[in-house]
Amino acid sequence: MTSLFLVLLALVPAVAVSAQRIDSIAPSATAERSIAIDERLAADAGLRIGDRVVISAEPGSPAGDTVRIAAIVRRGADPAEVARSEYRVRLHLDHLQRLIGYGDRVDRFAIRTAGGAATDSVIRRVNSRAFGFRAYRSREIAVETSKTFLVVSRFHRAIGVITIVASATFLLCIMLLKVDERRRDVAAMRLMGISRATVVWSVMLESSFVALLGSLFGVGLGLVTAWLVNAHYQAVYRTPLRFAIVTPGTIAFSVALSLVLGIGAGALAARRLARTAPAALFGR
Amino acid sequence: MRLQLAAMSLRRHPSRTLLAALGVAVSAAMLLDMVMLATGMRESFASLLGRNGFTIRVAPRGTLPFDTEATVAQASSAVDAMRAIPGVSVVAPVLGASLHVLGTGESVTAFALGLDPNVQGDYELLEGANPSAPDALVASDALLRATGARIGDTLDVAAGFDPQLRTYAGRRRLVVSGRARFLFLGAGDRAAALRLATLQRMGGPERRDRVSLFMVRTDSGVDVEHVRAAIERALPRVTALSTAGAIAEAEHRLSYFRQLAFILGAVSLIVGFLLVTTIVTVSVNERIGEIAVMRAIGVSRWHIVQQIVVEGIGLSVGGAAAGLVLGIVTARYLNSILRSFPGLPDAIDFFLFQPHAAFRALGLLIASGIAAGIYPSWRAASLPISATLREEAIG
Amino acid sequence: MTALPALLSARDVHRDYALAGAAVHAVRGVTLDVAAGEYVAVVGPSGCGKSTLLNLLGAIDRPTRGTVFVAGTEVSTLPDRAATRFRLLNVGFVFQRFYLLPVLTARENVELPMAEAGVPVAERRRRAMELLGYVGLAERGAHRPTELSGGEQQRVAIARALANHPAVLLADEPTGELDARTGADVIALFDRLNRDGTTIVVVTHDEQLAGAARRVVHMLDGRVIRDEPLRRRA
């Protein structure tokens with residue numbers, strides 16, 4: 001089954017592109033064919049639209065087809081190819097078939113249907129013909145080829161959980177320290193007759209405010225960091241793929257989590273402080 | 001007495017000390033994990049590539065070994081050309097293809113390597129014998145389980161499947177001569193190794209005298225890069241990749257993990273430092289009066305700093321020790337996630353524990369703990385004694 | 001002025017400092033001699049500069065002008081490290097709020113200055129128990145300050161101040177936080193110390209404590225306004 005899903009362009013590495021301009025060579029007797037190259041190849045080989053290059057199926061072979069570059073194509077944001085350094089070239093189907101001696105063969109067909117029900121019908125009818133083909137919905141293929149990214153997602157989630165646990169520990173520690181610093185003030189308040197509840201609520205109010213402020217700051221920092229990550233990796237991998245996306249859902253989750261952790265840490269610290277007898281707070 | 005004072009000060013607020021140590025432990029664990037991640041891939045990949053001594057891999061031009069289904073034509077002449085290059089001691093051609101084990105039900109598909117069993121670096125024989133005979137093969141445990149076969153059994157196998165016509169280019173009966181662990185495949189992958197000529201013939205005209213890869217062993221002391229360049233000059237239709245080059249390519253593809261490791265490691269270090277600084281600062285602020293009295297009765301500034309720094313060290317060392325254990329446990333968990341990458345060789349680990357790197361990282365954390373204690377303690381020990389005593393009396 | 005050789009000697013000592021932008025002249029031109037073996041009380045209203053003077057005499061603080069000699073050493077110009085060392089070996093301090101380290105036992109608190117001075121463990125342990133015995137707390141050596149009463153804590157503080165055989169004992173309101181009865185115990189201890197040869201300078205509001213001294217120096221607005229003559233021991 002996988003043979004059906006050899007992406008056509010996987011054969012491209014077998015098609016070597018000699019990146020030399022050959023304006024001086026007379027056009028061949030047959031009509032000159034045109035190709036499209038990706039922007040990465042254009043940039044690295046210094047090619048422009050209108051340039052002529054020789055393409056062949058055998059690396060290092062002097063014989064080949066002289067073609068003209070008719071277009072420069074932007075690479076798609078396909079995560080599956082982001083780490084690969086290969087170049088992409090598009091030829092007319094019959095040209096490539098002839099060039100690589102593939103005959104009247106293809107690796108796959110991409111089919112656009114009239115909609116959901118029509119898709120089901122097409123899949124059913126193609127699969128029942130038993131011509132050695134198998135039809136899949138694009139979504140199924142995406143899932144199958146996304147296994148790598150599922151692993152990366154799991155890894156990110158695990159790192160995220162560890163980071164959250166670490167942050168919660170730090171937060172609780174620092175809240176306890178900060179609250180301990182105000183033992184005497186709280187002792188004086190309690191001795192004056194201010195209730196435990198008031199002490200707890202005032203500390204929690206403060207921690208809520210700090211948590212909210214921190215959340216807003218964190219959202220801003222996250223947006224800036226996401227921009228930096230995208231800018232960096234888009235440059236490194238030369239792809240328009242967006243590596244980090246901050247969605248409203250992500251923001252809402254992050255803010256909710258940080259508020260819960262911040263207020264929770266404040267509540268724990270406040271309870272600890274309020275539970276201690278005023279005299280003990282003075283160190284007696 | 002300074003050590004005693006430091007220890008007693010830490011025990012003064014046990015829950016605070018424990019929580020701070022836990023925070024340092026989490027920092028240390030993350031730092032350790034990131035150090036393991038930064039070096040793990042490279043080290044385990046280098047170890048894998050260096051096994052059996054092959055220093056250069058030769059693949060179809062513009063590709064990486066087994067990155068595509070492209071093959072090198074005229075493999076025999078290519079082998080002769082490479083053997084003629086000074087410094088080359090062994091050339092091992094390898095062909096990769098799909099192999100179908102036919103039975104009464106649906107066929108079992110496996111990945112097959114056609115090679116010379118006398119000069120190969122793709123599998124380790126676990127039991128039985130190498131496939132020296134033309135009609136022999138060794139199989140992975142997963143393939144043996146899937147087919148229900150054992151050593152000595154005969155399998156009906158085919159290659160060169162045409163999906164449209166549902167025919168095979170070649171079909172043979174092969175004897176399972178051994179059980180093997182395939183170094184560059186996952187533990188659950190169905191794989192087999194047989195003689196190169198057998199697989200080429202089974203692949204039909206398309207596979208005649210073609211290979212997917214050559215593995216080259218160079219003489220000891222030879223400049224590997226020099227030989228690599230010579231191979232590419234001699235054979236323009238191939239790309240030669242040294243072990244160093246392969247590692248560099250793999251690192252480039254996985255550079256994200258190294259950079260993530262660096263960033264998270266740096267953040268862990270900073271957070272650990274900040275935590276110890278905060279703890280020490282608060283602890284010192286609570287004891288300003290005591291510190292002023294100690295200065296008044298004649299304890300030197302430096303000795304006070306030492307005592308407080310020792311407290312910071314105690315926190316950091318305790319936290320680092322706990323972090324070492326925690327880090328190893330979390331690294332195992334994270335490694336298990338990343339090892340489920342499809343197609344990842346079983347021998348590759350993303351998180352590799354290397355004692356010298358680990359202790360260096362933890363040493364850095366402890367050093368940051370020392371640095372974290374110096375400023376607040378020096379500041380406290382330098383406050384004017386009389387003014388401080390007066391303020392403490394009022395407070 | 002006294003005919004005995006001066007152990008402590010302050011000559012035209014001034015101490016000024018800035019407080020909320022204004023200059024405060026805490027001590028203005030004080031000249032004072034304290035002979036070895038004397039028991040001097042410095043009295044005056046709050047803010048008259050008596051605690052500041054004590055700090056100058058003990059090398060805790062440095063005068064803005066003037067000189068201070070203690071046991072033949074000019075302490076008014078000593079750099080911090082030297083002043084610290086000097087205090088450790090020559091001056092014993094007793095504070096109003098005791099300032100014992102809460103994490104150490106009574107014995108360990110007394111040992112602290114000796115540890116800093118490099119006295120071997122066995123020797124300082126022996127001396128600490130001896131001093132605690134002297135102040136009547138031999139059986140309380142293993143107790144932490146929070147387990148001691150105010151009077152007991154102050155007696156431990158006095159023992160600590162005597163740890164390195166200081167030339168002079170300086171006390172700032174030593175009975176300030178004690179009730180009358182425990183204060184009287186401390187006063188009696190000071191008297192005993194002086195009889196045994198310890199030179200004592202005490203700053204106090206406590207009339208009883210001032211009355212127990214052999215000489216009373218009155219201060220007002222940073223100046224010595226009266227220096228009552230030496231009283232003979234009863």
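In this predicted model, 19 residues of chain B are in contact with 21 residues of chain C. Chain B also meets chain A, in a contact that takes 37 residues from chain B and 32 residues from chain A.

- On the side of chain B that touches chain C, at least two residues each come from helix H1 (2–12), helix H9 (288–296), helix H10 and helix H12 (385–394) of chain B.
- H9(B) gives the most to this side, with 5 residues.
- Sorted by class, the side of chain B that touches chain C holds 9 nonpolar, 6 polar and 4 charged residues.

- The side of chain B that touches chain A receives at least two residues from each of H2, helix H8 (255–286) and helix H10 (301–338) of chain B.
- H2(B) provides the largest share of this side, 8 residues.
- The classes on the side of chain B that touches chain A are 20 nonpolar, 11 polar and 6 charged residues.

**Overall form of chain B**
- Chain B contains 12 helices and 10 strands.
- Its radius of gyration is 31 Å, well over the 21 Å that the globule rule gives for 395 residues, so chain B is more spread out than a compact globule.
- Along the principal axes, the C-alpha atoms of chain B fill a box of roughly 100 × 50 × 35 Å.
- Among the 395 residues of chain B, 46% count as buried.
- Of the contacts in chain B with a separation of 6 or more, 82% are between residues 24 or more positions apart.

- In soluble globular proteins, nonpolar side chains tend to be buried together.
- The largest nonpolar core has 151 residues, of which C:Val42, C:Leu57 and C:Val201 touch the most other members.
- Helix H2 (residues 14–50) of chain B gives the most to this core, with 20 residues.
- Beyond its neighbours within four places in sequence, C:Val201 is in contact with C:Leu8, C:Val34, C:Val40, C:Val42, C:Leu54, C:Leu57, C:Val168 and C:Leu170.
- Another core, of 55 residues, lies apart from the largest one and includes B:Val108, B:Leu137, B:Leu143 and B:Ala192.

**Domains of chain A**
- The domain assignment divides chain A into domain 1 (2–108), domain 2 (112–145) and domain 3 (147–281).
- The centres of domain 2 and domain 3 of chain A, taken over C-alpha atoms, are separated by 48 Å.

Notes:
Residues are numbered from 1 along each chain as its sequence is written. Chains are lettered from A and ligands numbered from 1 in the order in which they are written. This is a predicted model: local features need pLDDT of at least 70, side-chain atom pairs count only at pLDDT 80 or more; totals for chains, interfaces and linings use all residues. Helices (H or I, at least four residues) and strands (E, at least two) are DSSP runs, numbered from the N terminus. The radius of gyration is taken over C-alpha atoms; the globule rule is 2.2 Å times the number of residues to the power 0.38. A residue is buried if 20 or more other C-beta atoms lie within 10 Å of its own, exposed if 12 or fewer, and partly exposed in between; C-beta atoms are placed from the backbone. Two residues are in contact if their C-beta atoms, placed from the backbone, lie within 7 Å. A nonpolar core is a set of buried Ala, Val, Leu, Ile, Met, Phe, Trp, Tyr and Cys residues joined through C-beta atoms within 7 Å. Domain bounds come from an automatic or database domain assignment. Ala, Val, Leu, Ile, Met, Phe, Trp, Tyr, Cys and Pro count as nonpolar, Asp, Glu, Lys and Arg as charged, and the others, Gly among them, as polar.
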